[in-house]
Amino acid sequence: MPKQHFALFGNPVSHSKSPLMHNLVFGALGLDACYGRYLLEDGTLLREKFLTLGLKGANITVPHKEHAYRACDHLDPFAQKVGAVNTIVKREGELYGYNTDAPGFLRAISAFESRKVLFLGAGGTAQATAAILAEEGYEVTILNRSAGRLEKFRQQGFACYTFETFRPEVFELIINMTSAGLKDEALPAPAEILETIIPQTKACIDVIYGKETPFLRLAKQHNKPTKDGTDMLLYQGAIAFEYFMDSKYRFDEVLPHMQRAFELN
Ligand code: NDP
């Protein structure tokens with residue numbers, strides 16, 4: 001079989017651990033394959049680039065997941081439902097699209113055994129993960145800085161608030177789904193709201209990985225268990241790998257090799 005090529009598309013892509021994660025698995029399993037990164041500025045060119053690069057598969061990150069959704073010939077039902085694709089696989093010349101962020105996130109939080117959760121943020125990641133949690137019977141409330149993005153969630157039956165309309169209650173998990181804290185020292189919601197709800201929660205989770213965000217720092221000050229976005233990233237990657245290899249390798253077999261990406265710098 002000829003060498004298989006994979007890539008990450010996004011803007012930016014230089015910071016991503018995905019190439020290292022996948023290349024470590026290819027090496028460990030002795031597969032003749034490699035995974036690179038492609039800085040894509042114009043998302044409408046995604047399909048063309050994918051094909052001209054001769055890729056077998058790709059992951060897609062910010063801000064092109066909706067373009068990836070439109071680039072595919074076939075969509076998995078969950079990707080279809082949430083309108084965002086982060087994994088594409090080519091089979092017999094046609095592109096198949098999947099969303100592995102949301103199942104990755106579901107696995108990452110399942111150990112907490114909590115059902116009533118508050119999402120801080122209403123962007124693309126919140127959209128996909130709220131949908132899968134609702135399917136699994138979680139009760140998800142959305143709190144977002146501005147009202148614009150909440151309408152979609154409201155139509156899907158989620159309780160939605162802005163900072164101005166929010167009335168504190170007890171949530172078992174509080175999850176930062178925003179990019180606040182990624183490149184700055186911002187909290188995802190006003191300190192007075194967080195100071196009211198964090199003391200009553202069981203644990204705080206952030207989807208940002210690779211750094212301690214102001215949100216997780218605040219949670220630790222309140223002696224709450226915390227978790228960053230590392231497991232979500234690993235799990236979405238291991239699920240994507242299963243699709244890339246048409247299920248020849250299972251999640252549990254792949255994961256330990258991917259985990260090494262976080263031991264190397
Ligand atoms: P989007 O751009 O789609 O959404 C951003 C959200 O963050 C919006 O709700 C926005 O609110 C809110 N926001 C941004 N800045 C602030 C701020 N300073 N204060 C309060 N709210 C803010 O982003 P995504 O959903 O694509 O990504 C969100 C995060 O998820 C990113 O940090 C990304 O790195 C992370 N992520 C992690 C993954 C992993 O594997 N660990 C996978 C995918 C994403 P508003 O509507 O008011 O603008």
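This section describes a sheet, a ligand site and a helix in a predicted model.

The model contains an open sheet of 6 strands, paired in parallel and arranged in the order β9-β8-β7-β10-β11-β12. Strands β9 (159-162) and β12 (226-227) form the edges, each pairing on one side only. Strands of a sheet pair through backbone hydrogen bonds, either parallel or antiparallel. Between β8 (residues 139-144) and β9, the parallel pairing extends over 4 bridges. Within this part of the sheet, Asn144 is placed opposite Thr162 of β9.

Asn144 also belongs to the surroundings of the ligand, being listed among the closest residues together with Thr125, Ser146, Arg149 and Val207. In total, 26 residues surround the ligand. A polar side-chain atom of Arg145 is found 2.9 Å from a ligand oxygen atom, and a backbone N or O atom of Gly123 lies 3.5 Å from an oxygen atom of the ligand. At Val207, a polar backbone atom is 2.9 Å from a nitrogen atom of the ligand. On its own, the ligand has 940 Å² of accessible area, of which the protein covers 82%.

Helix α11 spans residues 251-259, and its buried residues are Phe251, Val254, Leu255 and Met258. Viewed down the axis of α11, these buried residues fall within an arc of 110 degrees and therefore line one face of the helix. The packing partners of the buried residues of α11 are α1 (18-29), α5 (101-110) and α10 (230-244).

Terms used. Residues are numbered from 1 along each chain as its sequence is written. This is a predicted model: local features need pLDDT of at least 70, side-chain atom pairs count only at pLDDT 80 or more; totals for chains, interfaces and linings use all residues. Side-chain values use heavy atoms; hydrogens and water are left out. Buried means under 20% relative accessible area, exposed over 50%, partly exposed in between (1.4 Å probe, protein chains only). Helices (H or I, at least four residues) and strands (E, at least two) are DSSP runs, numbered from the N terminus. The arc is that of the directions from the helix axis to the C-beta atoms. Contact means heavy atoms within 4.5 Å. A residue is near a molecule or strand if one of its heavy atoms lies within 4 Å of it. A polar contact is a pair of N or O atoms within 3.5 Å; within protein, one must be able to donate a hydrogen and the other to accept it, and residues adjacent in sequence count only if both atoms are side-chain atoms. Accessible areas come from the Shrake-Rupley method with a 1.4 Å probe; for residues, only the protein chains shown count as cover. Two strands pair if DSSP finds at least two bridges between them.
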